[in-house]
Amino acid sequence: MIRIQEILDKLVSFRADADIESIRKAYVFAAASHAGQVRLSGEPYMSHPLAVANTLVELRLDDSSIIAGFLHDTVEDTHATLARISEEFGGEVAGIVDGVTKISQISFDSKEEQQAENIRKMILAMSEDIRVLIVKLADRLHNMRTLEFQKPAKQLRIAQETMDIYASLANRIGLHRIKMELEDLSFKYIKPDVYDQIYGWLERHRKTDVVYIQQVKHIINTMLVENDIRGLVKGRIKHIYSIYNKMTEQSLTLDEMHDIIAFRVIVQDVKDCYATLGLVHAKWKPVPGRFKDYISVPKGNMYQSLHTTVAGLKGERMEVQIRTEEMDRLAENGLASHWLYKEGSRVQAKDIRQFNWLREMLDWQKVESDSKEFLRTLRFDLFKNEIYVFTPNGDVKVLPENATSVDFAFQVHSKVGEHCAGAKVNGKLVPLHTPLKSGDYVEIITNQQRHPSRDWLKFVKTAKARSRIQHYIRTEERERTITLGKDILEKQGRRYGINFQKALKDIDEQKLAAEFNLRTLDDLYSAVGYSHVQVQKVLKCVQALLAPDKAAALLPGVSLAAVSETEQKNIGKQAERNTDSIAISGGGGVNDILLRFAKCCSPVPGDHIIGYISRGRGITVHTADCPTILAAEPERLLAVNWDGQREAPFPAKIHILSKNIKGTLYKVAGVLLEEDINVDGGNIRSNLDGRSEINLRLEVRDTVQLYQVMAKLRRLDNVLEVMRALAPDAKSRHAQELVE
C-alpha cells in the first residue's frame with residue numbers, strides 16, 4: 001500500500017507550491033471516515049483512496065482533484081455529507097465528489113453497443129467539470145487492479161462495464177495510458193483463455209524482444225546524434241488487447257503477427273520530425289501503403305504524429321511514430337486527443353465544432369501557467385443539449401435538454417405515450433411536465449382509458465411526441481366533428497321536416513359532398529361540425545337533389561325558403577325548448593376545439609344552456625338567459641343539454657356589494673373555505689359611498705354549489721348583495737364572435 005508521504009513527495013517534485021496542508025487534511029478526514037472498513041483483499045479501505053490520489057498525482061492534476069481523490073467514496077460509503085465536505089474543503093472539491101458519487105450510482109445493465117455509447121455520452125454530460133471524470137477513471141483503474149478478489153460473476157460484469165464504458169471514456173479524453181491498462185485488465189476477465197495465450201506467447205518472446213528493442217533504440221539514437229537532432233527514443237511491445245484486436249481484424253495467428261513492437265521518437269520541433277523520418281527510411285525499407293502523415297493532416301481528434309512501418313532488423317516489420325514533445329503529451333495525457341480513434345465510428349459535424357472549441361482551450365493553455373485554473377475553466381459541453389435517462393430495464397434513451405416524461409414515453413413506444421397516465425422518476429411520482437435530468441430512472445404508468453391531451457403540446461420537446469399528439473388530436477377531432485355534424489344535420493333537419501338519413505338513400509352522397517368541394521360524406525359531416533359549412537346550405541342542397549315526388553313526400557308543404565322572418569326570430573326559443581338536443585358532457589374541456597364555454601356568462605352544470613355554432617371554432621355554450629346570445633342568428637343556435645360531470649371544476653363569476661368595513665373580505669374567504677371553493681382570481685374596488693365591490697372568479701362543481709355559497713354570502717352582516725356577474729367586456733367581445 002502506497003503511503004501518503006510518497007504521494008506528497010511525488011507531488012512537490014513537479015509542483016512546489018502544492019497545498020500540502022489541505023491534502024494532508026483530506027487524507028486524515030478520509031482515514032477517519034473509513035476507519036474500520038476493509039477491502040475484499042483484506043487491506044484497510046484507505047489503500048483505495050491512496051491509490052486513486054497517487055494516480056491523480058501521476059497525471060499531474062490540481063490540488064482540488066487530489067483532495068477529491070481522497071474523499072471520493074466518503075459520501076457514498078460513510079456518514080460524511082457533501083455539506084461537511086464543502087465546509088471543510090470548499091465547494092469546488094464538494095462538486096467533484098458529488099459528480100463522482102452520481103456516476104457511481106449509475107447502473108449498467110445493458111451491454112448493447114449503442115446503449116454503451118449512450119451511457120458514455122451520459123457520463124460526459126453529467127461530468128460538467130472534466131476532473132469529475134478523471135477522478136472516476138482513477139477510481140475504476142484501482143478497482144480493476146484489485147478485481148481478483150471479487151466473485152467470478154461480478155468480475156465479468158465489472159470487466160465488461162469497464163471495457164464498454166470507462167476504457168472508451170479514457171480514450172475520448174486522451175488518457176491513453178489509463179485506457180490501455182483498463183483494456184488489458186478487462187480483457188483478462190472477459191476472455192481469460194485468449195488473454196493467457198497471448199500473455200504466455202509474449203513472455204516466451206520477451207527476452208528476445210527486449211534485446212531487439214535495445215538494438216533498434218541504439219541505432220535510432222546514433223542516427224539522431226550524428227545528424228545533430230535532439231530526441232528521445234522509446235520502444236514498447238503493444239498491449240495485449242490491441243494485439244488481440246489486430247489478430248481478429250486480420251485473421252492472423254500469433255506466429256503470423258508482425259510489427260507488435262512499436263518505437264516512438266520524440267524530437268524538438270516539426271522540422272526534426274520530417275528529418276528523422278528521412279533517416280529512418282534511409283536506414284530501413286518502408287512498407288508500401290503504411291505511411292501516415294498526421295502532422296500535415298491531423299486527425300479529427302487533434303492527434304498529430306508521423307506513422308511509418310519499416311522492415312527493420314532481420315526483415316521484421318516494426319512501427320515507428322515520430323512526434324514532438326507537445327504532440328506526445330497530447331497523445332498520452334492530452335484532452336480528447338484520441339476522440340473516436342480506432343473505435344469504428346465517424347466524427348460527426350457536431351463533434352467537429354466541439355473539437356474547434358477544445359482546440360481553442362488547448363491553445364489558451366499554452367499561455368496559461370496555472371493548470372488548476374485551466375482545469376477549473378474547462379467544462380464538458382460536448383453533449384449539453386442532450387440528456388440520457390434509463391428505462392426500468394436499464395436501457396438508455398437519448399432526449400433533448402428539458403425533455404419530460406411524456407417525451408420519454410413516446411421514445412419508448414408510441415402506444416406507451418398515447419396511454420401515458422403518470423410517471424415515476426427515481427421511484428417518485430412527478431407531474432408529467434417535470435423536466436428530466438441525465439441519469440434519471442423513469443417509469444411510465446399507462447392507462448388504456450387515457451389519451452394524449454392538447455395541454456401536452458405546451459411542454460413536450462421531441463418532434464416524435466409532438467407529431468404523435470397532434471396526429472391523435474386531429475384524428476380524434478375528426479371523429480367527433482363527423483359525429484357532431486351528423487347530429488346537427490339530423491336534428492336541424494327535423495326542424496324543417498327533413499328526415500336527413502332517409503333523404504340520403506335517395507340522393508347521390510358523392511354528388512352532395514362535391515357540391516361543397518368535398519370528397520366524401522364524412523368530409524361534409526366534419527365541415528358541418530367545424531361550422532365550415534352552414535347547416536342550412538346543406539339542407540337546401542339535399543332538398544334540391546331529391547326527386548320532386550320524394551321532396552314532396554319528405555317536405556309536405558314546407559321548404560327552407562318558405563320559413564318566415566317571424567319564425568326565424570323564434571328559432572332561439574325553439575332550440576332551447578327542443579328535447580332532441582346535443583348532449584354536452586362535462587368532460588369536454590374548455591380547451592376543446594369543438595366545445596367552448598362562453599366566458600361572458602360562464603355556464604356551469606345545472607344552468608339552462610344553449611349552443612351557438614361559431615364558424616371554424618365549434619360550439620360555444622352560453623346560459624339560456626345570457627344577454628350576448630340574444631343578438632345571435634337563430635339558425636346558428638343549437639339546443640344542448642348537460643350530460644355527465646367532469647372532474648375539473650367550472651369557472652363561475654360572482655359580484656358582491658358590501659359595506660366597506662374591516663374584516664369583510666376575511667369573512668367572505670371564510671365562507672369559501674368552508675364550502676371548499678377555490679378562488680381563481682378577482683378584484684376589489686372601494687366606492688365613495690362607503691361600499692365595496694368584490695368581483696371573484698370561483699371554481700365550482702355545479703349550480704347547486706354555486707347558489708349555495710351565494711346564499712351563505714348574502715347572510716353575512718356586511719354583505720348587501722350577491723349576484724352572478726358577466727365579464728366586463730362580454731358584449732363587445734361576443735358581438736364580434738356572433739358575426740363570425
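View 1. On the face of α2 turned away from its buried side are the exposed residues Glu21, Val28 and Ala32 (exposed is over 50% relative accessible area, buried under 20% and partly exposed in between, with a 1.4 Å probe and protein chains only). Ile23, Ala26, Phe29 and Ala30 of α2 are buried. They cover an arc of only 120° around the axis, which puts them on the same side of α2; the arc is taken over the directions from the helix axis to the C-beta atoms. An α-helix has 3.6 residues a turn, so residues three or four places apart point the same way. The cover over the buried residues of α2 includes α1 (4-12), α4 (63-71), α5 (74-77) and α6 (82-89), where contact means heavy atoms within 4.5 Å. Helix α2 spans residues 20-33, 14 residues in all, and reaches 20 Å from its first C-alpha to its last, close to the 20 Å expected at 1.5 Å a residue; the expected span is 1.5 Å times one less than the number of residues. Helices (H or I, at least four residues) and strands (E, at least two) are DSSP runs, numbered from the N terminus.

The model is predicted, with local features needing pLDDT of at least 70 and side-chain atom pairs counting only at pLDDT 80 or more, while totals for chains, interfaces and linings use all residues. Residues are numbered from 1 along each chain as its sequence is written, and side-chain values use heavy atoms, with hydrogens and water left out.

**View 2. The aromatic pair of Tyr27 and Phe70.** The structure holds 11 aromatic pairs (ring centres of Phe, Tyr or Trp, the last by its six-membered ring, within 6.5 Å; planes under 30 degrees apart are stacked, over 60 edge-to-face, the rest tilted). The ring centres of Tyr27 and Phe70 are 5.9 Å apart and the planes stand at 70°, so this pair is edge-to-face. Tyr27 belongs to helix α2 and Phe70 to helix α4, so the pair ties together parts 43 residues apart in sequence. Tyr27 is partly exposed at 25% relative accessible area, whereas Phe70 is buried at 0%.

**View 3. The aromatic pair of Phe187 and Tyr244.** This pair is tilted, with 4.7 Å from centre to centre and 35° between the planes. Phe187 in helix α11 (residues 176-190) and Tyr244 in helix α13 (residues 240-250) are 57 residues apart, and their pair links distant parts of the chain. Phe187 is buried at 2% relative accessible area, and Tyr244 is buried at 17%. Phe187, Tyr195, Tyr199, Tyr241 and Tyr244 make up one aromatic cluster.

**View 4. Charges over the rings of Phe89 and Phe14.** Lys25 lies over the face of Phe89, 5.3 Å from the ring centre. The charged end of Arg60 is over the ring of Phe14, at 4.5 Å from its centre. A charge sits over a ring if NZ of Lys or CZ of Arg is within 6 Å of the ring centre and within 35 degrees of the ring normal.

**View 5. Asn426 and Asn517, with positive phi.** Asn426, not a glycine, has a positive phi of about 55°. Asn426 is in the loop between β9 (420-425) and β10 (428-430), and is partly exposed at 45% relative accessibility. Asn517, also not a glycine, has a positive phi of about 60°. The loop between α22 (509-514) and α23 (521-529) holds Asn517, which is exposed at 74% relative accessibility.
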